[in-house]
Amino acid sequence: MIETPPDSDGTPLGVLSRVFGFPGFRGLQERAVSRVMAGGDALVLMPTGGGKSVCYQVPALCRSGMGLVVSPLIALMDDQVASLRQLGVNAAALHSELDPDDAARARSDLHNNKLDLLYVSPERLLSSGMLDRLSRVPLSLIAIDEAHCVSAWGHEFRPEYRALARLPDYFPGVPRIALTATADGRTRADILDALAMPDAEMLVASFHRPNLQVAARPKGGELSQLLDILGRHRDEAAIVYCGSRNKTERVTRSLRERGWPAVAFHAGLAPEEKRLALRRFRSGEPVVVVATIAFGMGIDRPDVRLVVHLDMPDSPEGYYQQIGRAGRDGVASDTLLLFGGEDIARARHWLDQSQAPDAQKRVMTQRLESMIALAETTGCRTRALLSCFNEELPQPCGHCDNCRHPLPTFDGTVAAQKVLSAIYRTGQMFGALHVVAVLRGKKTDMVSRHGHDQLGLYGIGKDKPDTFWRSVIRQLLARGALTIQGEYSTLALREAARPILRGEETVLLHEDAATALSAALDENG
Ligand code: ADP
Ligand code: ZN
């Protein structure tokens, strides 16, 4: 146990400065700490890097008894335990990958009431014997880290977390503090509900990270777009997220061939390869980690200067969390999201196929739609992102891509009507390539076979290039006037197309640099 001489200051502020070396609390830390000190429950929402650990570590050391921390990730636990020990705190972890000596020492310290903090995985906590053993140890508090894992609707659901609702039965009167960096309103409610914490004080920090420069661009030659932005971050650390394992390896190879210190990371790697990749990432050397979202929680390198998405995430929550891994040290850092029709089609197709219950599917669809809107927005992108978390930025951020280089917009109502009519007149049975061919008056096989050169609108879009029409289609997809359906990526109208066709709605479109739209839009053209 931490030695607290009688004359020493055992108050939260005293412990904060004496043990952790911080002169004062940051943001909502103080309120979270006092809530738990007073024996109440709390739900803390802070962005990654916001300082969540202090919220439970300080009261755990100030209150009598041992702090119990439930955490889903072994690597994360081991890191925390190691740094706490360096500070002189007697912390230990119990999980499945511990070597026998460490496990024995942890169990004996636990038995002898010598631990300040014990980190456990949820499955270990709920295993028989563990609860029993813990019931004989006085607890100062229970912290539930990465609490969003309890939400079945979240992107990181862990079924074991559900059982944590029973904790108050085993440890009545012990204050609980749940912490997460991911939480829209729905997830918040879900956490309180699933953890049975109706009276928890909700402490929501601002998610605004002014040092992150958010930017998004339509795909147009991914690799060259990637190389372009990497070129501005030579000798730094970068993370490049891809939608599939295969792609991480492909991109890693391409980067290495060009001399970049790239390394792949995904869940399919052997443990040794993962360790190696992590070691390189943590070494402080320049490195480009090309990863799936498996490269996630517990990644704590403060000086990541760039996060690129080569494929669109399926929710603003996931996106925010991933870009949040840049610039944890507060230094200005870049992010770039590349998106295309293929992403939209793939995500929608996946949702269609999902066996999830309808209510859940609706939520996932909403999130996807918000993500698309975020990618397509012409306004302040930081503001659009924060609004996904119910946070309002009073003014445009001034540093996102759209604030720095406002996109020229034009009245695209007539262009939109042409596209929508062409889709309607051809029976809503074709993909973008064919629709564009009809608009441009091209005599393709498909046009001849279906007699579409006889349509009144055949060739009404001759005056603009293919890229223009594809961009219009993508923006109509983004605003929900169109949808892509089925395995052939067929374009069909949605309700929102109606007022546009009737001329009741003006469509403001932006010019963009998309020179190539992705394959899915072109399929079955
Ligand atoms: P999170 O878990 O929310 O991602 P951490 O708890 O890992 O964040 O803290 C992020 C960083 O902020 C750490 O480097 C930590 O040392 C630092 N930090 C936390 N609280 C304070 C504070 N009150 N004063 C100064 N630095 C702090
Ligand atoms: Zn902005």
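In the predicted model, the buried residues of helix 2 pack against helix 1 (12–19), strand 1 (42–45), helix 3, strand 5 (139–144), strand 6 (176–180) and strand 7 (201–204). Here helices (H or I, at least four residues) and strands (E, at least two) are DSSP runs numbered from the N terminus, and packing is judged by contacts, two residues being in contact if their C-beta atoms, placed from the backbone, lie within 7 Å. A residue is called buried if 20 or more other C-beta atoms lie within 10 Å of its own, exposed if 12 or fewer, and partly exposed in between, again with C-beta atoms placed from the backbone. By this criterion Gln 29, Ala 32, Val 33, Arg 35 and Val 36 are buried in helix 2, which spans residues 29–37. These residues lie on the same side of helix 2, because they cover an arc of only 160° around the axis, the arc being that of the directions from the helix axis to the C-beta atoms. In general, an α-helix has 3.6 residues a turn, so residues three or four places apart point the same way. After helix 2 comes Gly 39, with a positive phi near 90°.

Residues are numbered from 1 along each chain as its sequence is written, while chains are lettered from A and ligands numbered from 1 in the order in which they are written. Because the model is predicted, local features need pLDDT of at least 70 and side-chain atom pairs count only at pLDDT 80 or more, whereas totals for chains, interfaces and linings use all residues.

The protein chain contains 23 helices and 18 strands, and buried residues make up 44% of its 525 residues. Of the contacts in the protein chain with a separation of 6 or more, 74% are between residues 24 or more positions apart. A nonpolar core is a set of buried Ala, Val, Leu, Ile, Met, Phe, Trp, Tyr and Cys residues joined through C-beta atoms within 7 Å. The largest such core has 87 residues, and those with the most contacts inside it are Val 240, Val 288, Val 289, Val 290, Val 419 and Val 435. Helix 19 (residues 432–440) supplies the largest share of this core, 7 residues. Another core, of 56 residues, lies apart from it and includes Leu 118, Ile 177, Leu 195 and Met 197.

Around ligand 1, the shell consists of Phe 22, Phe 25, Arg 26, Gln 29, Met 46, Thr 48, Gly 49, Gly 50, Gly 51, Lys 52, Ser 53 and Val 54, a residue being near the molecule if its C-beta atom, placed from the backbone, lies within 6 Å of it. Helix 3 (residues 52–62) gives the largest share of this shell, 3 residues.

Asn 113, which is not a glycine, has a positive phi of about 55° and lies in the loop between helix 5 (100–111) and strand 4 (117–120). Asn 113 is exposed, with 12 other C-beta atoms within 10 Å.

As for confidence, pLDDT is the predictor's confidence in each residue, from 0 to 100; the mean for the protein chain is 89, and 94% of its residues reach 70 or more. Over residues 513–525 the pLDDT is below 50, although this stretch has 48 contacts in the model beyond near neighbours in sequence. Where pLDDT is low, the predicted coordinates should not be read in detail.
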